Amino acid sequence: MFEGKTLLGVGCSHVFAPLGEDINPETCHQRSWVKKLERLGNFKNSINLAQSGGSNQRSERVLMEYLESNNYNDLVVTFGLTDLSRFEIPQADKITGHLYNMKSIGPWCVSSEHTSDKRELSFMETLYGEFHSTNYETVMINRKMLYLNSFLNSLNIENYFIELHCHGGSIIPCQFGINLPLIHFKDEQGLAINAIRYTMIQGYTPDHTGHFDHDGHEFLAKLFYDQIKGIKDA
Amino acid sequence: MHKVKKLVTLGCSHTVGSYLDKPGDSWEELARCHDRSWSRKLAKLLDAEQECNLAINGGSNPRSIRVLMEWINETYNDKFEDSDLLIIFSITEPMRFEVPVNASLTPGIIPNSLSLGNDKINNEWSMHRAGPWEINTNRHANYSEYIRNRYGLFSNDDHEYKKLSYDLVMLHYFLKLHNIKHYFFHGIDVPDFYKPFMPAFVKLPIIKFTTKDNIYFETNAFGPGGFLTSHGFKRGLDIKPLSGCAHFDHDANQFLAEHIYDKIKEEL
């Protein structure tokens with residue numbers, strides 16, 4: 001279906017595919033549904049830009065950075081949507097002072113295990129405790145997906161958005177008359193669930209870190225392949 | 001020139017039309033400022049039938065994008081097509097942002113009397129306009145600390161510029177896809193922040209300002225503030241309260257509107 005094309009995956013750990021103690025990018029990529037979807041779809045190759053703890057904000061940034069410096073003519077993008085409450089922040093480089101690194105932030109940061117900096121901890125507690133609205137995050141992610149779809153379509157880059165680790169049903173499939181190429185799932189009662197939950201319901205059990213093995217990723221890849229085929233046929 | 005029937009403008013107090021006394025946020029007070037704004041004057045030059053000035057004092061770029069999308073949703077619902085629509089986005093200070101505030105959790109940050117319809121996201125949450133000026137305000141103890149920590153620990157100009165550049169690129173392509181005429185300009189003193197972060201293949205429709213000696217601002221000056229002062233207009237010094245924004249009067253806004261009109265009329 002995708003001969004000669006390159007598959008690019010962005011998202012969180014459920015795209016990066018760690019398992020147990022294995023966080024090696026190469027072995028994780030071999031395990032990931034991205035690599036398995038590459039084979040199923042007959043892609044030329046695949047690139048995995050995901051990161052454990054990654055936010056949707058990070059996914060957008062690394063995708064843009066990739067497009068800025070790489071040929072995108074034969075690219076197919078799969079955007080694995082993760083927990084909407086995650087984001088990333090710039091943190092000053094302690095050596096240079098003026099450069100910065102991006103730090104992935106999520107609700108897990110409201111814990112002294114993750115920082116010894118009392119101000120940082122206080123900031124996270126206040127942010128998640130008092131100035132965080134899921135309603136607002138949902139509005140913003142819908143807008144973002146709509147924009148990204150418009151942008152990628154304008155560059156003739158085939159793109160798919162997967163409700164992977166966000167709340168199922170977060171994304172409105174049709175906005176302003178545009179049908180988003182959305183890969184989404186429902187449980188037996190017809191309630192929207194994300195791909196991870198769907199996979200668990202089908203009998204695949206994640207390890208103690210919450211991630212799937214080869215078989216789980218193979219199942220995910222097949223799921224995504226079937227829905228992509230359906231979207232393309234439509 | 002294709003007739004523009006609807007003009008939508010976005011930005012901060014410089015688009016609202018604020019001058020001298022900083023107005024409150026009631027629609028009535030904003031409406032009084034709108035008469036002075038470049039937005040109203042541009043609508044007259046275009047002979048537009050409808051002008052929607054969605055700007056607000058202290059408005060951020062994320063807010064502008066949010067309220068624009070809400071306006072589009074309310075106005076067009078599922079069929080966003082309008083060849084008579086023109087959108088002009090005045091880019092404001094990139095360090096500003098929006099904070100969701102729940103009045104029952106943190107009372108006092110947004111007084112009810114100042115909460116505008118399009119800054120409420122539901123019955124509980126409203127979007128508060130945050131910027132560097134709030135580092136030293138004391139609306140609510142937790143909020144003040146939150147703002148100080150955000151700017152103190154996790155703020156970086158390059159990062160904010162990059163994020164804003166991407167947001168504008170995305171908005172541009174969304175509007176382009178729908179064949180909506182649109183332009184951006186620097187509405188506050190942030191010159192060409194996007195250049196280092198703009199993908200080479202992207203050409204944003206940006207209205208350039210030049211000083212009186214015809215030098216592009218990207219080389220030696222800033223947004224309409226520098227543009228207008230180089231043409232002899234004086235900034236008003238806001239005194240109640242002292243905002244330091246230094247807004248412009250009717251004549252300066254008229255001059256700005258005419259300049260924008262001259263720049264875009266050939267392309268309409």
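**Exercise 1. State what percentage of the 234 residues of chain A count as buried, and how chain A is built.**

Solution. In this predicted model, 55% of the 234 residues of chain A count as buried, where buried means under 20% relative accessible area with a 1.4 Å probe and protein chains only. Chain A has eight helices and eleven strands, these being DSSP runs of H or I with at least four residues for helices, and of E with at least two for strands. The radius of gyration of chain A, taken over C-alpha atoms, is 18 Å, close to the 17 Å that the globule rule gives for 234 residues, so chain A is as compact as a globular protein of that length; the rule is 2.2 Å times the number of residues to the power 0.38.

**Exercise 2. Find which residues and elements line the largest cavity.**

Solution. Begin with the volume, which is about 1,000 Å³ for the largest cavity; a cavity is a set of points on a 1 Å grid over the protein atoms alone where a 1.4 Å probe fits but cannot get out, and lining residues have an atom within 4 Å of a point. Next, take the 41 lining residues, of which A:Q57, A:F87, A:Y136, A:E137 and B:K163 are the closest to the centre. Then turn to the elements: α6(B) gives the largest share of the lining, seven residues, while α4 (56–69) of chain A is among those that supply at least two.

Residues are numbered from 1 along each chain as its sequence is written, and chains are lettered from A in the order in which they are written. Local features need pLDDT of at least 70, whereas totals for chains, interfaces and linings use all residues.

How values were computed
Predicted model: local features only at pLDDT ≥ 70, side-chain atom pairs only at ≥ 80, totals over all residues. Heavy atoms only, no water. 1 Å grid on protein atoms, 1.4 Å probe; cavity = no way out; pocket = protein on both sides within 12 Å on 5 of 7 lines; lining within 4 Å. Points joined across faces, edges and corners; volume = space filled by probe spheres on them. Buried < 20%, exposed > 50% of the residue type's maximum accessible area, 1.4 Å probe, protein only.
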